[in-house]
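Me: Hi! Could you walk me through this one?

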Amino acid sequence: MKTLVLLKQTFDTEEKIVLKNGKVSEEGVKFVINPYDEYAVEEAVAIKEKLGGEVTVVTVGPPRAEAALRTALAMGADKAIIVDDESIFGDEYMISKVLAIVAKRDSYDLILGGYMAVDDGAAQVGPRLAEELGIVHISTITNLEVEDGKVRVEKDVEGDIEIIEAATPVLLTAQQGLNEPRYPSLPGIMKAKKKPIERIKAADLSLNIEEILSKTEVSEQYLPLEKTAGKILQGELPEQVSELVESLRFEAKVVQ
């Protein structure tokens, strides 16, 4: 069983977002594996421990993203790939095109990833990659069984559970509840230092950048307005209703 895990390094969810000159500042920020991708890494390693095989983790990102790959290797992945080239850092369209080229260099039975990245929340890379590769895609899974070249997954749907079966190769995206990611052990951390990380540039992929340019761009970024203190209405119910209407009309200006 050969598994490819899609991984992204993101801000720690406890970090405070600071904007400088319209861009998110990375100064002093702690970076981690995208939490949903962490479920994917754990599931891939657990499958390897049960069925054998090999786990490769891949990311498209700057040199600092190697730290996230090392964490995945310490969890039990076998090798890693980082596509570190600013010329192909783009939106989900561009990233999925790049990942497809990387994935096609080998043959994988299973591709796993988080269902979304917590920094942009687009949830597009997994489905787009599956389309590029021409394989089945099942999103937001909460349980996975692999046997005899087939997968049987469960996913939450409107308060119920949907059960889907598919033949490999297949791409699955992980939702919270799929598993409990392990902490890297000290022996795992030591072994990770010796595991291979392949570093790739755009030139190594023989791609035409002009053909895969991003379809979207960020025109502006801003923080939400700070919440103001609530207002307590005074008096009897008719007086409160009158005060509420006046506030909505003249202060909030949401009614006429």
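What follows is a short chat about the sheet and the helices.

Me: Which basics should I know?
Reply: This is a predicted model, where local features need pLDDT of at least 70 and side-chain atom pairs count only at pLDDT 80 or more, while totals for chains, interfaces and linings use all residues. Residues are numbered from 1 along each chain as its sequence is written, and side-chain values use heavy atoms, leaving out hydrogens and water.

Me: How many bridges join strand 7 to strand 13?
Reply: Four, and the two strands run parallel. In strand 13, arginine 199 is the bridge partner of isoleucine 82.

Me: Switching to helices: how do helix 3 and helix 4 cross?
Reply: The axes of helix 3 (residues 92-103) and helix 4 (residues 125-133) come within 9 Å and cross at roughly 50 degrees. Axes are lines fitted to C-alpha atoms, for helices over the stretch in contact, with angles from 0 to 180 degrees between N-to-C directions.

Me: Which residues meet there?
Reply: Among them, Tyr93, Ile95 and Leu99 in helix 3 meet residues of helix 4 including Val125 and Leu129. Contact means heavy atoms within 4.5 Å.

Conventions. Two strands pair if DSSP finds at least two bridges between them.
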